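Subject: Structure handover

Hi,

Here is the structure you asked for. My notes follow it.

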Amino acid sequence: MKNVHTKFLIAIALLLLCTPVHASGDDFNSVVKMIEQFYRVKHQSIPFLAKAGMKVATTAARIKGGEAKRIAEAGSIKLAVFENQAFAGDFTRFRASLNGALNDTWMPLIQTLSAKNVEQNYIYLRNVGDKYNVLVINIAEHDATVVQVTVSGKNLALLLKDPEGTGKSITEEATIIDQE
Amino acid sequence: MKALFRINLILSLLIALPLVVHAQDSRLQLGSLDHLAAKANQTVDVSIDERLMKMAAKLLSDKDTDERDVKKLVEGLKGIYVKSFEFETEGQYSAGDLETIRTQLRGPGWTRLVNVTSKKEGNLEVYLLFNGDMVGGLAVLHTDLKEFTVVNIVGPVDLDKLARLEGQFGVPELGVEKKTKNEQ
């Protein structure tokens, strides 16, 4: 009987070990730190950014269609920007680390890697009550942005319909709003 | 002894259950292609699972015409998965890479519906998974010397729906409808 009991305990322990360990804490900051460690770069706070580039983005958005479409819920934007730094490293290894860190709590939606343009884009989603968090990571040869926003259900549908386009709009919106 | 046998049986069932469920699914295992990203010029990886498909269907409005059309399109779908690799030079993917996908598409229920071979536009294969009379999923394999694309749609879908999904929900523009008509 003791033998059966021990085996049962071992079985339970094995099942518990198989249960995924969920990432805890602030994933946005974890991703920023991960980029800093992987590429040996440092993110900048907004006041230190070169304003010229931001102004170009704002103007372009206005020329395109008046006010840029607002996707994020007011006050929900978290933004980290890396400028004029070298993002040299193995795309696939970075992607594997990122997915490993986020896959338990976030749903990967789209990931594009371009060796030709030296660019990586990642969009992850997670459900928070009746709203959704969207994490957009863009890494180019010398610049990177990490944006986390909260979106409504309707804008989530928009994101699913056009993941690449809406992801770009979210990054654009975050940088424009912070500049204004 | 009897109790031990019962525990072993339960554990075996627990281990075997996900394998049984997986066998009935039309979702292809595409992870074996991930190594191609290291050689590719451009990699696109889209993963819209059942939770997201359901959310999209639930969140789109019936009142707005555009949204209603999209809602109809995604209703019932259980997932859209895309892996696409574009290479700078030829010969970057192997016959073995193709075989990992084709082996799955030779499995029970899968039928090849379209097979277009074109020197100019590469090869296009479209497969449907039948669960009895019902379509349970679709797979598109598009390859040429410098490109390897797999699209896997899980759930009730047909060529018309695929054509309407092209350019949306991460599904690339494959021109399936045009290529199929040209073949006829």
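This is a predicted model: local features need pLDDT of at least 70, side-chain atom pairs count only at pLDDT 80 or more; totals for chains, interfaces and linings use all residues.

Residues are numbered from 1 along each chain as its sequence is written, with chains lettered from A and ligands numbered from 1 in the order in which they are written.

Helix pair in chain A. The axes of helix 2 (residues 27-39) and helix 4 (residues 91-102) of chain A come within 11 Å and cross at roughly 155 degrees. Axes are lines fitted to C-alpha atoms, for helices over the stretch in contact, with angles from 0 to 180 degrees between N-to-C directions. Helices (H or I, at least four residues) and strands (E, at least two) are DSSP runs, numbered from the N terminus. The two helices are therefore roughly antiparallel (over 145 degrees). Helix 2 of chain A gives A:Asp27, A:Ser30, A:Met34 and A:Phe38 to the contact; helix 4 of chain A gives A:Phe94, A:Ser97, A:Leu98, A:Ala101 and A:Leu102. Contact means C-beta atoms, placed from the backbone, within 7 Å.

Between the chains. Chain B puts 25 residues into the contact and chain A puts in 24. On the side of chain B, strand 1 (42-48) has the largest share, seven residues. Strand 1 of chain B also pairs with strand 2 (residues 107-114) of chain A, antiparallel, over five bridges (pairing needs at least two DSSP bridges). There, A:Ser114 stands opposite B:Gln42.

Best wishes

Definitions and conventions
Angles under 35 degrees count as roughly parallel, over 145 as roughly antiparallel, 65 to 115 as roughly perpendicular and the rest as oblique. Two residues are in contact if their C-beta atoms, placed from the backbone, lie within 7 Å.
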